[in-house]
Amino acid sequence: MSGTLPVYRWRLAPDGYATRRQLRARGLRPGGQDVAATLERPRRRGRPPLVAHLYRVDLALPVRPMTPGRWRAHAAMMRARRTCPACRGDAGYVIPATLGTCVPCAGPGR
């Protein structure tokens with residue numbers, strides 16, 4: 001890609017461009033394409049603007065489907081996040097990083 005990227009102000013990007021989240025909401029992914037433009041949202045008090053990368057919708061590819069192996073890996077990852085390191089039980093929820101253990105193991109003192 002040669003030259004600089006076009007920069008659009010907040011809510012003024014032309015049709016045909018989307019952020020990663022907007023692509024995902026449509027069931028698409030960037031698919032290896034380079035960033036096509038940037039979007040800047042100004043902020044107050046001299047802070048730098050928030051920047052979002054925009055991708056071309058016409059070059060986006062469909063999201064790859066979840067395979068059985070990916071589902072197993074995802075389930076294992078979530079199981080690990082729910083397992084309390086103190087009592088080794090499944091808490092039934094993702095254990096907060098602030099506690100480090102399930103609520104009963106953290107006790108009333110925390």
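Here is a friendly set of questions and answers on the predicted model above.

Me: Before we start, what pLDDT do local features need here?
Reply: Residues are numbered from 1 along each chain as its sequence is written, and side-chain values use heavy atoms, with hydrogens and water left out. This is a predicted model in which totals for chains, interfaces and linings use all residues, side-chain atom pairs count only at pLDDT 80 or more, and local features need pLDDT of at least 70.

Me: Happy to begin with the sheet: in what order do its 4 strands stand?
Reply: Strands are DSSP runs of E with at least two residues, helices are runs of H or I with at least four, and both are numbered from the N terminus. Two strands pair if DSSP finds at least two bridges between them. The sheet is open and its pairing is mixed, with the order β1-β4-β5-β2.

Me: Which residue in β5 is the bridge partner of Leu39?
Reply: Let's walk across β4. Strand β1 (residues 7-9) runs parallel to strand β4 (residues 37-41), joined by 3 bridges, and Tyr8 is opposite Leu39 there. On to strand β5 (residues 50-56), which pairs with β4 in the antiparallel sense over 5 bridges. The β5 bridge partner of Leu39 is Ala52.

Me: How many residues of the lining of the largest pocket are charged?
Reply: A pocket is found on a 1 Å grid over the protein atoms alone, as an open set of points where a 1.4 Å probe fits, with protein on both sides within 12 Å along at least five of seven lines; lining residues have an atom within 4 Å of a point. The lining includes Arg11, Asp15, Arg26 and Leu39. Asp, Glu, Lys and Arg count as charged, Ala, Val, Leu, Ile, Met, Phe, Trp, Tyr, Cys and Pro as nonpolar, and the others, Gly among them, as polar. The lining divides into 5 nonpolar, 3 polar and, as charged residues, 3.

Me: Is Gln33 buried or exposed?
Reply: Gln33 lies in the loop between β3 (28-29) and β4, and its side chain reaches the backbone oxygen of Pro30 at 3.2 Å and that of Arg56 at 3.0 Å. Leaving aside neighbours within four places in sequence, Gln33 is in contact (heavy atoms within 4.5 Å) with Tyr55, Arg56, Leu59 and Ala60. Buried means under 20% relative accessible area, exposed over 50% and partly exposed in between, with a 1.4 Å probe and protein chains only. At a relative accessible area of 14%, Gln33 is buried.

Me: What is the phi of Arg11?
Reply: Most residues other than glycine have a negative phi. Arg11 lies in the loop between β1 and β2 (17-18) and is exposed, with a relative accessible area of 70%. Although Arg11 is not a glycine, its phi is positive, at about 65°.

Me: And what separates the C-alpha atoms of Gly89 and Cys102?
Reply: Gly89 lies in the loop between α2 (68-82) and α3 (103-106), and is partly exposed, with a relative accessible area of 26%. Gly89 and Cys102 are 13 residues apart along the chain, and their C-alpha atoms are separated by 8.7 Å.

Methods
Polar contact = N/O pair within 3.5 Å; in protein donor to acceptor, adjacent residues only side chain to side chain.
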